[in-house]
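Here are my notes on the model you sent. Please read them with the structure open.

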2 protein chains.
Amino acid sequence: MPFVYINEISKFQGQEVTVKGWLYNIRSSGKIIFPILRDGTGLLQAIVLKNAVSPELFERAKELTQESSLEVTGTVRKVPEGKTAPGGHELDVKDLKIGQLIPADQPFPITPKEHGIEFLMDYRHLWIRSSRQHAILKVRHEIIRAVRNFFDDRGFTLVDTPIFTPAACEGTTTLFEVGYFDEKAYLTQSGQLYNEATAAAFGKVYCFGPTFRAEKSKTRRHLTEFWMVEPEVAYATLEDIMALAEDFITHIVKSVLQHRRSELEVLERDISKLEGIEPPFPRVSYDEAVQSLKASGSNIEWGGDFGGADETLLSQQYDRPILVHRYPAQVKAFYMEPDANRPELALCVDVLAPEGYGEIIGGGQRASRLELVTQRIQEHQLPPEAFDWYLDLRKYGTFPHAGFGMGIERAVAWICGLEHVRETIPFPRMLYRLRP
Amino acid sequence: MPFVYINEISKFQGQEVTVKGWLYNIRSSGKIIFPILRDGTGLLQAIVLKNAVSPELFERAKELTQESSLEVTGTVRKVPEGKTAPGGHELDVKDLKIGQLIPADQPFPITPKEHGIEFLMDYRHLWIRSSRQHAILKVRHEIIRAVRNFFDDRGFTLVDTPIFTPAACEGTTTLFEVGYFDEKAYLTQSGQLYNEATAAAFGKVYCFGPTFRAEKSKTRRHLTEFWMVEPEVAYATLEDIMALAEDFITHIVKSVLQHRRSELEVLERDISKLEGIEPPFPRVSYDEAVQSLKASGSNIEWGGDFGGADETLLSQQYDRPILVHRYPAQVKAFYMEPDANRPELALCVDVLAPEGYGEIIGGGQRASRLELVTQRIQEHQLPPEAFDWYLDLRKYGTFPHAGFGMGIERAVAWICGLEHVRETIPFPRMLYRLRP
């Protein structure tokens, strides 16, 4: 007999089916036992009636322990009016086979009671079976799906940028070093420089893969291994990519609301806050942001970068993401195009998520003149030989272009309403956390 | 004036538009100049008539050099019957602005003439602009899109597995080691072990990301950094995942034929060979494969693994991929489920692409009994402490499951008909090749 998945159970009403999965929960009341099954696609309550099954089967069902693996055969029934059960259907059990009964004296480590976070992280390989982690990772998948669809549907070409990079371009303090045969390589922190090469070949490109940062402090916003999507557009200006970022975020939020609403409910997310994410997003200049922060009590001074606390303060003032643009060039990377009207400013943008979540996107227009990029590389004391190929892009058919990067885990944290990024990725990697 | 992309030019017939891009080629005949533009989405022939533009503009157009960046404004015209031009449309030029003219005495390094492969690889950041590399990477994108759609549409959950792994599970010789704060980490070679954990949480899962192999030999099939997609299915058997692999490959080939036929033509691929890729794919047991190889002159003996030459020999005998199943357990990884009828065999499958391309998929059914997995870890002399979490999957609700992995670059090489995998990824990484 083939088996059916719980999320398709409503198609089999009145029919006999087999479900394969694990015991999520169980309760009994004398002559009736209610095992709840979990198969990865949903939850299903089964009903074992003492006078409908053999005495052996009834005893077997009584002994079931959490996360034991099972094959349950029975008839699918719509839950009667006035009763509730997960998914709206129940299974009248006819047969029940135990794949593996977890002994009651060596139970599944994660129980419905409270556990400390380090314990849960040590058992991450089992913790992901819990309904909350399951919901977060389903939302994560939907966000990634929405990201890809957004760019694919708009004619972008996915061009994977390399993980192994030859040079420590911006100092080695946050880079992971790898022995690469007789050389040293570094794990990528961003695909952007390579995106600039591929944008000249394909016009509109994106890369999407893991990026790495040897973050030595423990914060709720940082992982050492995280996924980033980065679009780059030939002939785009700062204004163009601000509009792109706005459409992009709106699309992602709408996709999650459309496809993963029930998961947001499991997470007790305030969905109304996400439903309000509509363009236009406020455009706030750095100058205005500094004024606003000072008025709110920050000790920021013009010319400095925002700290996490500043970003939180700023983003709490709005009900949707804000586009903070034109930071002082001195706090930004070497490749930023200066504002022609005020060369001390960079044509860049950070997108801050609302509700205090802070930066989820950073980007801008790239410097395109050979002389300027060469000079900036010198000023930032970067090794010029590492940038030979990058300068070729300015020697051969240089062109205006702009792009941005979004960290997936920060977007998941915001959309799911999570305190800490460690729950946004299946197997988080942080300082002191390389296992399981 | 906003600009239009060349792949949408047919919508603007008779209208005046601006195209932004690079000079792909140019020819002239006295009173008429034909610059061909490239914008990443296509090629467009422009027509500059001496008596339709100013003398200055005509002189400017004459001086254009390959890959100079341009803005060309003109009227879109359908190419008359009997004439040919890329894309079927031309642009009657009214204005032409030069973004950057590449000096004729320092020309673009890659010209239509022949270059050596090392030269081209050194200039990979520019080489990707050529029509052949452009076509390969467009096919690559389509393969990746098809992979994701296949699994997303069949209810699989994307669950990213970690890049940093804590233990050298299968010997350190082909692993890249990374200093991870005060510890050592290794770059992943496969997400499979983690997929087995996530399959228990989600039922059907896949991971898709870069994987790493410190391959010390130079071969046409190996990169040190390559992308792999790996599905894993709870309660699936070897037969189930052989059928899944068959559907999967068929879907990918059909998607490329549907969406990237013109790129295959640029590559001069024999498309009829791809059009013949239809299920069922031949199932060939290891026993039969050994017999067949011996008859073809291989010196393979029963019990040994196939070399690249054996795979080539085998796959040349079929017009579609073949599923070679049930290899001797001794040549396969520790986690394979033995065949109940012949325990010396593993319930595994390798898929060999036709035309001599060899292995593109490897997979099988995973051992699910705690005792067996524990014993195999000892037999393979693997560090048991590294597998504590993996054994938990057998302690807590163990379940039959199966999956496979497909290397993207080998699939691209086969579908595009390439000699070497180095052209299948934007920035290949190999022994002696870490740049650009």
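1. Start with the sheet in chain A. Eight strands form an open sheet with mixed pairing, in the order S6-S10-S11-S16-S15-S14-S13-S12. Two strands count as paired if DSSP finds at least two bridges between them. In general, strands of a sheet pair through backbone hydrogen bonds, either parallel or antiparallel.

2. Look at the edges next. Strand S6 (157-158) and strand S12 (283-285) of chain A each have a single partner strand, so one side of each has no neighbour in the sheet. S6(A) and strand S10 (residues 204-212) of chain A run parallel and are joined by two bridges. Thr157(A) sits opposite Val205(A) of S10(A).

3. Two helices deserve a check. Helix H9 (residues 286-295) of chain A packs on the sheet and touches S12 and strand S13 (322-325) of chain A. The direction of H9 makes about 80 degrees with that of S12(A). Helix H13 (residues 408-416) of chain A also packs on the sheet, where its contacts include S10 and strand S16 (401-407) of chain A. The direction of H13 makes about 60 degrees with that of S16(A). Contact means heavy atoms within 4.5 Å. Axes are lines fitted to C-alpha atoms, for helices over the stretch in contact, and angles run from 0 to 180 degrees between N-to-C directions.

4. A word on provenance. This is a predicted model: local features need pLDDT of at least 70, side-chain atom pairs count only at pLDDT 80 or more, and totals for chains, interfaces and linings use all residues. Residues are numbered from 1 along each chain as its sequence is written, chains are lettered from A and ligands numbered from 1 in the order written, and side-chain values use heavy atoms, leaving out hydrogens and water.

5. Finally, the interface. Chain A and chain B contribute 95 residues each to the contact. Arg435(A) forms a salt bridge with Glu183(B), with the closest N and O atoms 3.0 Å apart. The rule (a side-chain nitrogen of Lys or Arg within 4 Å of a carboxyl oxygen of Asp or Glu) finds four salt bridges across this interface.

Note on methods: Helix = DSSP H or I, 4+ residues; strand = E, 2+ residues; numbered from the N terminus.
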